[in-house]
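Q: Hey, I'm new to this one. Can you walk me through it?

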Amino acid sequence: MAKLVICDHPLIQHKLTYIRDVKTTTKDFRELVDEVAMLMAYEITRDLPLETITVDTPVITTETKVIAGRPLGLIPILRAGLGMVDGVLKLVPRAKIGHVGLFRDPETLMPVEYYVKLPTDAEERELIVIDPMLATGGSAIAAIDVLKKRNCTQIKLMCLIAAPEGVKAVQEVHPDVDIYLAALDDHLNDHGYIVPGLGDAGDRLFGTK
Ligand code: URA
């Protein structure tokens, strides 16, 4: 089974409190999500491989480390995933971005792809699927399916808040995918909202409510 990492750094937990607060304005919500995404990126990139190169400092020639291995790709799930992209990019500015858009079929209730645009070399990259809320897990599972169907194999999932139901569902279908969260909440309510959660992440990010 892949890793489940709760990013419990005090700065992340502090900022998450204000993200949850219903009184937080759209502007502040957006800024806080951006900051938490950046801090989480520090944790998500912790296991990137390094290689040794030689550089000339002003004093001597020395061996030192740089990041090696696969380049990164960020895959926000539309639309709320967009709110976390810039924060991650602050730490990994060369990452390429792919987008996955899904809607829920009203009859089958299954996620259906309506938009997929990936970096042309996606299968050679380490991909981070981004969605702030892991509720039932349906969208995350479908987005990871989209990537695996296109021969991508190195995939991580990054969310702000998850319900245990969503984590379990992703781990059952995609046991190879590491999951990174800022918080694992209590449960899903009858309307599909994470409790205590933060409400509708897309609406709060884009001010559409
Ligand atoms: N999506 C959201 O934006 N919020 C939830 O609580 C669950 C799914």
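What follows is a short chat about this structure.

Q: What kind of model is this?
A: This is a predicted model.

Q: Let's start with the ligand. Which residues are around the ligand?
A: They are Met133, Ala135, Gly192, Tyr193, Ile194, Gly199, Asp200 and Ala201.

Q: How far is the ligand from a polar backbone atom of Ile194?
A: The distance is 2.8 Å, and the ligand atom there is an oxygen.

Q: And which ligand atom lies by the backbone of Gly199?
A: A nitrogen atom. A backbone N or O atom of Gly199 is 2.7 Å from that nitrogen. Ala201 also takes part: a polar backbone atom of Ala201 sits 2.8 Å from an oxygen atom of the ligand.

Q: How much of the ligand does the protein bury?
A: The protein buries 80% of the ligand's area. Taken alone, the ligand exposes 240 Å².

Q: Back to Ala201. Where does Ala201 lie?
A: Ala201 lies in helix H6, which covers residues 201–206.

Q: Is Ala201 buried or exposed?
A: Buried. The relative accessible area of Ala201 is 6%.

Q: How far apart are Ala201 and Pro132 in space?
A: They are 6.8 Å apart, C-alpha to C-alpha. In sequence, 69 residues separate Ala201 from Pro132.

Q: What about Thr26 and Met1, how far apart are they in space?
A: C-alpha to C-alpha, Thr26 and Met1 are 37 Å apart. In sequence they are 25 residues apart. Thr26 itself is in helix H2, residues 26–44. Thr26 is partly exposed, with a relative accessible area of 31%.

Q: New topic: strands. How many residues of strand S4 are buried?
A: Six of its seven residues are buried, so strand S4 (residues 72–78) is mostly covered.

Q: How many bridges join S4 to strand S8?
A: Five. S4 and S8 (residues 126–130) run parallel. As for partners, Ile75 is bridged to Val129 in S8.

Q: And in which sense do S4 and strand S5 pair?
A: In the parallel sense, over two bridges. S5 covers residues 96–97. Leu74 stands opposite Ile97 in S5.

Q: Now the aromatics. How many aromatic pairs does the structure hold?
A: One. The rings belong to Phe103 and Tyr114.

Q: Why is that pair tilted?
A: The angle decides it. Ring planes under 30 degrees apart count as stacked and over 60 as edge-to-face, with the rest tilted. The planes of Phe103 and Tyr114 are at 35 degrees, so the pair is tilted. Their centres are 6.5 Å apart.

Q: What does the pair tie together?
A: Phe103 lies in strand S6 (residues 99–104) and Tyr114 in strand S7 (residues 111–117), so the pair ties together parts that are eleven residues apart in sequence.

Q: How accessible is Phe103? And Tyr114?
A: Phe103 is partly exposed, at 40% relative accessible area. Tyr114 is partly exposed too, at 47%.

Q: Is Cys152 buried or exposed? And Cys7?
A: Cys152 is buried, with a relative accessible area of 3%. Cys7 counts as buried as well, at 4%.

Q: What is the phi of Asn151?
A: Positive, about 70 degrees, although Asn151 is not a glycine. Most residues other than glycine have a negative phi.

Q: Where is Asn151 found?
A: In the loop between helix H4 (138–149) and strand S10 (155–162). Asn151 is exposed, with a relative accessible area of 57%.

Terms used:
Residues are numbered from 1 along each chain as its sequence is written. This is a predicted model: local features need pLDDT of at least 70, side-chain atom pairs count only at pLDDT 80 or more; totals for chains, interfaces and linings use all residues. Side-chain values use heavy atoms; hydrogens and water are left out. Rings of Phe, Tyr and Trp (its six-membered ring) pair if their centres lie within 6.5 Å; planes under 30 degrees apart count as stacked, over 60 as edge-to-face and the rest as tilted. Helices (H or I, at least four residues) and strands (E, at least two) are DSSP runs, numbered from the N terminus. Buried means under 20% relative accessible area, exposed over 50%, partly exposed in between (1.4 Å probe, protein chains only). A residue is near a molecule or strand if one of its heavy atoms lies within 4 Å of it. A polar contact is a pair of N or O atoms within 3.5 Å; within protein, one must be able to donate a hydrogen and the other to accept it, and residues adjacent in sequence count only if both atoms are side-chain atoms. Accessible areas come from the Shrake-Rupley method with a 1.4 Å probe; for residues, only the protein chains shown count as cover. Two strands pair if DSSP finds at least two bridges between them.
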